[in-house]
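Visitor: I'd like to learn how to read a pair of chains and the contact between them. Could you walk me through one?

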2 protein chains.
Amino acid sequence: MQLLKDRIVKDGKVRAGNVLKVDSFLNHQMDIQLFGEIGKEFKRRFAECDVTKILTIEASGIGIACITAQYFDVPVVFAKKNQTKNIAGDVYTGKVESFTHGRTYDIIVAKEFIKPEDRILIIDDFLANGSALLGLSKLVKDAGATLIGAGIVIEKGFQEGGSIVRGQGVRVESLAIIDSMNEDTGIVFRNE
Amino acid sequence: MQLLKDRIVKDGKVRAGNVLKVDSFLNHQMDIQLFGEIGKEFKRRFAECDVTKILTIEASGIGIACITAQYFDVPVVFAKKNQTKNIAGDVYTGKVESFTHGRTYDIIVAKEFIKPEDRILIIDDFLANGSALLGLSKLVKDAGATLIGAGIVIEKGFQEGGSIVRGQGVRVESLAIIDSMNEDTGIVFRNE
């Protein structure tokens with residue numbers, strides 16, 4: 001998606017440790033017009049899939065998932081990272097290792113919100129080590145629902161997540177895949 | 001907002017300890033069509049305020065804030081609850097006591113995303129003890145920006161948050177104010 005790649009080049013900041021800061025438009029401040037274009041592109045790619053629900057994970061996936069959901073006319077469910085007293089009893093659970101935060105946490109979704117008849121599209125902002133996506137896929141599998149695929153805004157193609165998840169037969173559509181990035185030489189996108 | 005009140009009566013569940021579960025449409029599963037109507041109503045109420053940016057707090061405020069932002073044509077910034085290695089240096093900070101989670105945490109916003117010339121509308125799903133709203137208001141004040149007001153989906157009118165925040169001169173627009181609720185007798189809304 002050229003609009004997105006151009007924006008990453010313009011406003012993204014490469015930092016040591018393979019960190020790409022896109023917090024001016026994607027995951028701290030959020031450019032809602034850009035999100036609209038992202039949502040339309042996900043709809044174009046998954047148009048014929050009869051998606052019934054979008055699944056994402058808090059926090060930075062939520063905004064993109066909600067804007068995208070308007071084009072599919074379906075509800076969004078977000079997996080929560082910590083059990084709260086407002087969620088009782090019947091939940092699907094998984095574990096996610098966060099690249100950004102450097103720790104492992106539990107994720108949960110109430111069972112009532114993923115049903116076997118659901119056709120789930122996962123939406124998230126980043127795909128790096130694949131841990132979040134694998135954790136979300138497990139929730140879908142545990143529920144006996146159909147996983148249509150995953151729509152990712154930025155994939156770090158030099159990390160193993162994309163290969164692992166695609167290797168499990170999951171359709172992954174990433175709007176920008178970064179093959180390499182460097183503070184000095186900048187960002188190289190995969191040609192698609 | 002009658003559509004919202006009807007939905008709360010239909011799908012909300014009152015639990016012991018003044019807990020209102022609205023996780024089937026508001027803060028775990030999210031009804032995006034309803035969010036659209038909520039966004040339009042916030043736009044109607046704050047139409048003439050020249051809002052330049054919407055501020056919310058992770059996680060459950062993000063979806064409503066993003067959908068609402070489409071009607072104002074402005075970006076969203078969400079306050080983060082924990083410092084991550086992706087946010088370095090210059091941040092505004094506050095403290096929030098969570099009613100739901102029963103603990104106090106730090107909130108931060110990068111200084112570059114709230115400027116003195118900004119006219120900020122705060123959007124959140126709940127107003128109860130007012131702690132989140134006071135914390136967000138402090139961030140706006142620290143930035144020297146103008147706080148236009150706060151758009152809240154559900155206010156627990158029997159808790160003190162609304163009075164405290166309005167007592168500080170902040171305009172608070174709540175789409176449904178609950179004056180009392182009880183597992184047996186149900187929910188009583190304030191007449192407006």
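Predicted model: local features only at pLDDT ≥ 70, side-chain atom pairs only at ≥ 80, totals over all residues.

Visitor: What relates chain B to chain A?

Guide: In general, two copies of a chain are related by a rotation about an axis and a shift along it. Here a 180° rotation with 0.0 Å of shift along its axis puts chain B on chain A, with an RMSD of 0.0 Å. The two copies are thus related as by a two-fold rotation axis.

Visitor: Which surface do the copies meet through?

Guide: The same one, because 100% of the interface residues of chain B are also interface residues in chain A. Each side is listed too: 40 residues from chain B and 40 residues from chain A.

Visitor: How much area is buried there, and how many salt bridges are counted?

Guide: About 3,500 Å² is buried between the chains, and carbon and sulfur atoms give 58% of that. The salt-bridge count between chain B and chain A is zero, while 13 residue pairs are in polar contact across the interface. On the chain B side, α3(B) gives the most, with six residues.

Visitor: Where does E58(B) lie, and is it buried or exposed?

Guide: E58(B) is in the loop between β4 (53–57) and α3 (61–72) of chain B. E58(B) is buried and has no salt bridge. A salt bridge needs the charged atoms within 4 Å, and the nearest side chain of opposite charge, K81(A), is 6.2 Å away.

Visitor: What does the side chain of E58(B) reach, then?

Guide: The backbone nitrogen of K81(B), at 2.8 Å. Residues that E58(B) touches include A59(A) from the other chain and F78(B) from its own.

Methods: Residues numbered from 1 in each chain as written. Chains lettered and ligands numbered in written order. Heavy atoms only, no water. Least-squares fit on C-alpha atoms with pLDDT ≥ 70 in both. Contact = heavy atoms within 4.5 Å. Helix = DSSP H or I, 4+ residues; strand = E, 2+ residues; numbered from the N terminus. Buried < 20%, exposed > 50% of the residue type's maximum accessible area, 1.4 Å probe, protein only. Lys, Arg positive; Asp, Glu negative; His and termini not counted. Polar contact = N/O pair within 3.5 Å; in protein donor to acceptor, adjacent residues only side chain to side chain. Buried area = accessible area lost by both parts, 1.4 Å probe. Lists of a residue's contacts leave out its neighbours within four places in sequence.
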